[in-house]
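Please consult the sequence and the structure below while reading.

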Amino acid sequence: MSESLDPGPAPPAPVVENRFRAFLILWGSQTLSLFGTMVSQFAVSIWLARDLYPLAAQKPQLALALTATSFATAGPLSFAMPIAGAFADRHDRRRILITANTLLALLSLVLVALTATHHLVLPIAVLLLLGYSLLSSFHSAAFDSSYGRFVREGDLPRASGMMMTSFGLAQLLAPPLAAALIGLPVLLGGSGKLPPWLVDGIPFAFAADAVSFGIAACTALALRFPAMPVVPGPRASLIADARAGLDWVLRRRPFVWLISFGSLANLTFAPLMVLLPLLARDHVAADAARHHMPFQNVLALVTTAGGLGGVLGGVAVSIFGLRRWRKTLVMAVCLVMLGVGEVIAGLAPTVWGLATGMFVGELLVAPLNTASFTLWQSLTPPHMLARALATRRFIAQSAFPIGTVVAGWAAAVFEPWLVVALSGALLALWIAAQLAGPGFHTLEDRMREAAQAD
């Protein structure tokens, strides 16, 4: 039976205000943590493309290295989600957030030490990123299923929009911050004035990530989280709990159909995310040379353009919500635009063309995720929420690591820009075909009926 997030009478106004204030504090700390994560991810791409495989002849090796690090970043985050969701439903989410943020800060410090001493190699980087991603899965399961308790159900779209704005802000501001941190040793005098362990600026980026995780851990430690519904029945094993969440979703076919759209989006958008450094370094190289733009500046510009699109979309959702539009229709339109943006990015021969593709592709990501998250929040029983959201994320996002592997293999054989453009075209055309079908327009109603079934 579907239940709202806050059944029964609304809490008194002071309680609501205190909860919303706590939500704003939590949102601010997680936004800062996202900044650190984006800075760190940007630094990994620069380390691979500038330091490890800097030559144009090393394009296949770079493509495979980007695939390996992208898979390590996304793989455990997707595949461990069912277990992480079951764990979050049975344990204190606040404690999970504190522990995960603390361990993530320690992993970032290990990266600082290895890069500062020039001992970081690709296998070790992949291993550390696997641990980073595994911890992030538990962090995400706890965070995604808890922040909705801080706001009333009617405010969920705006709260979700604020979270999506955080992603856009991080993507908008983290690349120039990362580029500034990486270039800091040059401003300080370079190898002529600095000790050898300070010559490379990449450790500064990883250090910023460690600091952001530390602040997020301290913030969660200081906040009081609203009580979560108790999972009914005797305590089962994590595997049994994860299976219960998977069964709840799989027995509701309209939910599975909607998830399949997300799976296709992750599968086809992965090539752009994985191969973006190659597009920025090689495909628009002639235009970048005309404007005297080094590789890291090109990558920062196009990533920032995507972040700007994400911010504008997130701000719009935060202010206006989703109105009375059907959430499934919002999602479909956003997915078509995502594919169109990827096509533009793949075909663009100029830096600004690539930036435009990133902007268009990410402009509607916030409305897309807000519509999906709000729909699932409103239809899922509270005691099943973490597991259902984790199962949704597992099924949808497990396609991203597969897409990274396919993109890496394809880019080693074909031109990366062609792989990206064809992937975007596949997404846009397939979702447009679904929109034209008669069954799609009743999907949301069928999801509500399925949610109420035993």
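Phe261 is buried, at a relative accessible area of 4%; buried stands for under 20% relative accessible area, exposed for over 50% and partly exposed for values in between, with a 1.4 Å probe and protein chains only. The model is a predicted one, in which local features need pLDDT of at least 70, side-chain atom pairs count only at pLDDT 80 or more, and totals for chains, interfaces and linings use all residues. Residues are numbered from 1 along each chain as its sequence is written, and side-chain values use heavy atoms, with hydrogens and water left out.

A pair of aromatic rings is described by the distance of the centres and the angle of the planes. Rings of Phe, Tyr and Trp (its six-membered ring) pair if their centres lie within 6.5 Å; planes under 30 degrees apart are stacked, over 60 edge-to-face, and the rest tilted. The count by this rule is six aromatic pairs. Two of the pairs are set out here.

| Pair | Centre to centre | Angle of planes | Class |
|---|---|---|---|
| Tyr132 and Phe213 | 5.8 Å | 70 degrees | edge-to-face |
| Phe261 and Phe440 | 5.9 Å | 35 degrees | tilted |

Phe261 in helix H10 (residues 253-283) and Phe440 in the loop between helix H18 (416-436) and helix H19 (443-451) are 179 residues apart; helices are DSSP runs (H or I, at least four residues), numbered from the N terminus. Phe440 is also buried, at 2% relative accessibility.

Tyr132 is buried at 9%, and Phe213 is buried at 3%. Finally, Trp248, Phe255 and Trp376 form one aromatic cluster.

Notes. Helix = DSSP H or I, 4+ residues; strand = E, 2+ residues; numbered from the N terminus.
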